[in-house]
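Take a walk through this model.

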Amino acid sequence: MTTVLLVDDQALVRMGLRLVIESEPDLEVVGEAADGAVAVAQVAGLVPDVVVMDVRMPGVDGIEATRQIVTAHPGARVLVLTTFDVDEYAFAALRAGASGFLLKSARPEELVDAIRTVTSGNSVVAPRVLRRVLDLFAPHLPAGSAPERTDGLPPALRTLTPRELEVLRCAAEGLSNAEIAERLTLSTATVKTHVANLLAKLGLRDRVQAVILAHESGLMRS
């Protein structure tokens, strides 16, 4: 059974989400919170598998709450709800450690599928959508630490093999596993293995975090 915490400052929204989620036999809502501070406390007490998090809330917003939850509870997955498919709040939430974001206009079946996806350790951001987000915000990311790049790579990426770096660059361009496989003449299964390996080496939660690291570290400018 996958346990879910709902975080939204609107009671009617939480009620609607609860009805959708609890209609599924493998999903259970174990708590609700109306703001980020309460959400952080609820996660500590309830230890849910997934937190469905609104971004724009009074007090502690969803971005700061996500950051605190992911830091204190690495096993928790945060699925952010947003009004627009590309906005600064969604991107900030991804940087804070969210496993993906979903439009509030999404269909009920998309919500439950997204919860199951992040529970399995995957991210809920279509590669093309992530590419659009990065196109908008990558120019505002801090430059990589060039003085420390004595071997041509950012320090965080030196543990990766040349093939893993190629896969990471492709992922950072917004390519799906199938597209990466085609470009590098690999099988999709091999690409998945490389992605899993690079995530483990970098200590990252999912593909989204790897893509963001690739841009923040300056890899895409090398």
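The model is predicted: local features need pLDDT of at least 70, side-chain atom pairs count only at pLDDT 80 or more, and totals for chains, interfaces and linings use all residues. Residues are numbered from 1 along each chain as its sequence is written, and side-chain values use heavy atoms, with hydrogens and water left out.

Thr66 sits in helix α3, residues 62-72. Helices (H or I, at least four residues) and strands (E, at least two) are DSSP runs, numbered from the N terminus. Leaving aside residues up to four places away in sequence, Thr66 touches Met53, Val78, Val80, Ala93, Ala96, Gly97 and Ala98. Contact means heavy atoms within 4.5 Å.

Now turn to helix α1, residues 11-21. Its buried residues are Arg14, Leu17 and Ile21. They lie on the same side of α1, because they cover an arc of only 65° around the axis. That arc is taken from the directions from the helix axis to the C-beta atoms. An α-helix has 3.6 residues a turn, so residues three or four places apart point the same way. The buried residues of α1 pack against β1 (2-7), β2 (27-33), β3 (50-54), β4 (77-82) and α5 (108-119). Exposed Leu12 and Leu19 are on the face turned away from the buried side of α1.

Terms used
Buried < 20%, exposed > 50% of the residue type's maximum accessible area, 1.4 Å probe, protein only.
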